[in-house]
Amino acid sequence: MKANVKKTLIIVLISVLVLSLIPLIYFTARKNKQTVKQPDGKLILGFSQIGSESAWRTRNTQSIFEAAEQNDIQIIFDDAQQKQANQLKAIRSFIVYQVDVIAFVPIVSTGWDNVLQEAKEANIPVIVVDRQIDCDESLYAGFLGENGFEEGFAAAHFLVNKCKNRKGPINIVEFSGTENSSIATLRAEGFRSIIDQYDNFKIIHSEDGDFLRSRGKEMMDRIIRENGGLRLNGKTIDVIYSHNDSMTLGLLDSLHNNKIDQRSTIIISIDAEQKSIDALVNGELNCVVECNPNSGPTLMQLVKSIANGDPIPRVTYMLDNIFTENDDFSTYTPRGY
């Protein structure tokens, strides 16, 4: 009887010991997983891009990969294919993988609070790239990208100067970017901040083209088909303000296919891809505001700083130029995208 009691006590003690060791085993496994994850000591950046819808976007991705290689930073990459749900899934996978830093280009400006809270709780800093977001600023370390308001402001400034001696109403059609994206909102606000000061400038139509060439062509085709040319609801279209080159190239496709002479219509675009600069030189566009895609080197410096525990600026803007019909085209150099 005593032997049985003794045997039972031994079994209980062994069970308690095993259970007490489980947390230690779990911790050791996690620690070993971390060691396996980065055996060469490289920083690991989880990067979610919205897609590859344009030459600008492709160049932006290339710039980030090139800069990562030059800085010996490993990238875990995800192409969201224009879907926010894919980005949320990707960011959560970066958290599970325990990357050092997360960077992402948000498709839209809202809906990020929960996933960024998860990253914060995992002690993984986040850098927002290209497009801004509307959420608690404590959930991300900083923003790197263009100043959309200034881009719209520059486009309107060119337009007002070009039309300073023009009398009568000036009717504007706006091809807007993706709905609820910060960049479309800011480019619209910057443009209106200038033209709203003048009674003769009127935006007679604004439509979301989702930054896509196919949508730019589709919208222009419909306007021409329903109005018999560059007119809308009985009014001549004097100006087309397009939020990006892809939509602009699409609308030019439509004008060419429909044999429409657009020389009396002012066309302004944003991005400065090589094809839009070529169109500017050929007299098909009047102004192209640059949106610099080469953010890779700056992003890698921010990644290294934040991984080292150093603070980074809340906002870092890329430098942009403006190309107009008044330039000396012989000074232009190839864009590379």
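Helices here are DSSP runs of at least four residues, numbered from the N terminus. The model shown is predicted.

Figure 1. Helix 9 covers residues 274-281, and Lys275 lies in it. Is Lys275 buried or exposed? Lys275 has a relative accessible area of 53%. Exposed means over 50%, so Lys275 counts as exposed. Beyond its neighbours within four places in sequence, Lys275 is in contact with Arg213 and Leu249. Leu249 is 26 residues away from Lys275 along the chain. The C-alpha atoms of Lys275 and Leu249 are separated by 7.9 Å.

Figure 2. Strand 10 (residues 239-242) pairs with strand 11 (residues 266-271) in the parallel sense, over 3 bridges. Ile240 stands opposite Ile267 of strand 11.

Figure 3. Strand 3 covers residues 101-104. Val101 and Ala103 point one way from the strand, while Ile102 and Phe104 point the other way. All of these residues are buried. Strand 1 (residues 43-49) runs parallel to strand 3 and is joined to it by 4 bridges. Gly46 has Ile102 of strand 3 as its bridge partner. Strand 4 (residues 126-130) also pairs with strand 3 in the parallel sense, over 3 bridges. Here Ile102 stands opposite Val126 of strand 4. Strand 3, helix 4 (residues 113-121) and strand 4 make a right-handed β-α-β unit.

**Figure 4. Helix 5, end to end.** Helix 5 has 15 residues (residues 148-162). At 1.5 Å a residue, it should span 21 Å. Its end C-alpha atoms are 22 Å apart, which agrees. Buried residues of helix 5 include Gly148, Glu151, Phe158, Leu159 and Val160.

**Figure 5. Confidence along the chain.** The mean pLDDT of the chain is 90, and 88% of its residues reach 70 or more. Over residues 1-37, pLDDT stays under 50. The model has 7 contacts beyond four places in sequence for residues 1-37. Where pLDDT is low, the predicted coordinates should not be read in detail.

Methods
Residues numbered from 1 in each chain as written. Predicted model: local features only at pLDDT ≥ 70, side-chain atom pairs only at ≥ 80, totals over all residues. Heavy atoms only, no water. Helix = DSSP H or I, 4+ residues; strand = E, 2+ residues; numbered from the N terminus. Buried < 20%, exposed > 50% of the residue type's maximum accessible area, 1.4 Å probe, protein only. Contact = heavy atoms within 4.5 Å. pLDDT = per-residue confidence, 0-100. Expected span 1.5 Å × (residues − 1). Pairing = 2+ DSSP bridges. Right-handed = clockwise from strand over helix to strand, strands pointing away.
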